[in-house]
Amino acid sequence: MNKTVNQKAWFLVLPVFIFVAFNAIIPLMTVVNYSVQETFGNNIFSWSGVHWFQETLQSDRFHASLGRQIMFSAIILAIEIPLGLAIALAMPRKGPWVSVCLVLMALPLLIPWNVVGSMWNVFALPEIGLMGRGLNALGFDFNYTRQPGDAWFTIVLMDVWHWTSLVVLLCYAGLVAIPNDYYQAAKIDGASAWAVFRFIQLPKLKRVLTIAILLRFMDSFMIYTEVQVLTGGGPGSSTTFLSIDLFKVALGQFDLGPAGAMSIIYFLIILALSWVFYTVMMRNEAK
Amino acid sequence: MRKRSIVPILYILFLMLPIYWLVTMSFKTTNEILGGFTAWPQNFTLDSYRKIFTDPTWYMGYVASIEYVVINTIVSVAVALPAAYAFSRYRFLGDKHLFFWLLTNRMAPAAVFALPFYQLYSAVGLFDTPWAVALSHTLFNIPLAVWILEGFMSGVPKELDETAYVDGYSFPRFFINIFIPTIAAGIGVACFFCFMFSWVEMLLAKTLTAVAAKPIAALMTKTASTSGYELGLLAAAGTLTLIPGAVVIYFVRNYIAKGFALGRV
């Protein structure tokens, strides 16, 4: 759509600007403040420059939790995007079952995040949970509170359970929007199912897939509540992701300087990666 | 066709299993839960639910949750409406940068903001009120609402606006009487998403409340751990938090797919 230039449009945007600035800029400046100061309690602060940033960037603990975080997001994207796409392709396009499918699939998305954690907690308990008991009965030695591998398996499965539906719904919306003529033309040409997918469906799904990847990346990179409730970052620190580590530093130990520096670095990583996704998305949209 | 439908069916079964487990657990007695493995409640009991509905510290948690979610949804959508219109119709100084800046707030990890939010809302005297949680959730809900509404509004041809202005409508009259009814579906979807993200977010909701405005889901973990694993009660409280979500999904079921694509399909 060709838009007209109108500077008065700022008045329409002003309320949003005020609200978001209040919530974003003031806290962000507080964090920046902490990150460049040293404190000994009693509200006495002294300037410490980039000390905390250097310390954080060089600390093994930060590297470890960043590494875990990147690995987690990579696994999540590698599983959820293809799986969601496959399920969306297999879904019926019309008929009474569509609504039923959509409502049931959307259900996990509307459960408070700590309830998701508790739910998987009781579901995966080795003695009394359906999944834990079932896996042990099948001969696996499964105990997510003791074995790091099992904890990772449970968390990944929980996240797949929680968020794959988002990818399914996005892809489904994209598929429904493809006009029927495309399929008919393909039929006349005698195109195989793979060719239909590769040359009709996939290009048309590019935009929704970008949104899906962007949302899934951001949310998996920020995961906190579910993991905190399920494993608390354990066993040991095997599932301590960035947010959990940050919370331990900020509210557990009250080390405001390192926590501030860590927050800024964390935020910048997300910002940079999201900017890449966003530019790609906007370029697609402009075409 | 028949063979293909096995995939969604299996997927939905997988989704329902943990939910089934939570719901059955809520009807079991604590002894039965801890005593061993039973796939179905042997001594069916409603005690856990009775306790929740008779104890004000429990059911007021629901009231608090609903309160801030509703305030947040109304504020977010009302503020986002004119802004989304501006983004979809006009170019102005810094519009693209502003749009991206708004989106970055959707990307801000709540853990980064938890402590500063606590201090900010304590400083302005809103700590432990539903308003604190509602306002803090606007951080990510306003950008989201702007994004969704902008998508829907861009689907409305500009001729609608131009015809109305030629007919002598002023901007506010046009916006309220003509434009808002036209994009009613988009507003519904935006409300749904604001509701959803405010309802499921717990980190800020927990940090910004102490006693009076404690949301139900946060209350749940707390009470369950202090009174020694009352898993039945925990499961019942969890089950009750599923209901508002299910009700809301039912209302938007026809728009849900388009909504998740943020109105941009």
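A salt bridge is here a side-chain nitrogen of Lys or Arg lying within 4 Å of a carboxyl oxygen of Asp or Glu. In this predicted model, the count by that rule comes to five salt bridges over all chains. One of them joins the side chains of Arg61(A) and Asp245(A), at 2.7 Å from N to O; because Arg61(A) lies in helix H3 (residues 60-90) of chain A and Asp245(A) in helix H12 (residues 242-252) of chain A, the pair ties together parts that are 184 residues apart in sequence. Of these two partners, Arg61(A) is partly exposed, at 40% relative accessibility, whereas Asp245(A) is buried, at 3%.

A further salt bridge is formed by the side chains of Asp159(A) and Arg216(A), again with a value of 2.7 Å from N to O, and both of these residues are buried. In chain B, the side chains of Arg89(B) and Asp161(B) meet in a salt bridge at 2.8 Å, N to O, and here, too, both residues are buried. Salt bridges with shared partners also join Glu80(A), Asp159(A) and Arg216(A) into one network.

Between chain A and chain B, by contrast, the count is zero salt bridges, although 15 residue pairs, with both residues at pLDDT 80 or more, are in polar contact across the interface. Helix H1 (residues 9-35) of chain A gives the most to the side of chain A that touches chain B, with 20 residues, and the residues of that side divide into 75 nonpolar, 17 polar and five charged. The area buried between the two chains is about 8,700 Å², of which carbon and sulfur atoms give 80%.

Key: Residues numbered from 1 in each chain as written. Chains lettered and ligands numbered in written order. Predicted model: local features only at pLDDT ≥ 70, side-chain atom pairs only at ≥ 80, totals over all residues. Heavy atoms only, no water. Buried area = accessible area lost by both parts, 1.4 Å probe. Polar contact = N/O pair within 3.5 Å; in protein donor to acceptor, adjacent residues only side chain to side chain. Helix = DSSP H or I, 4+ residues; strand = E, 2+ residues; numbered from the N terminus. Nonpolar A, V, L, I, M, F, W, Y, C, P; charged D, E, K, R; others polar. Buried < 20%, exposed > 50% of the residue type's maximum accessible area, 1.4 Å probe, protein only.
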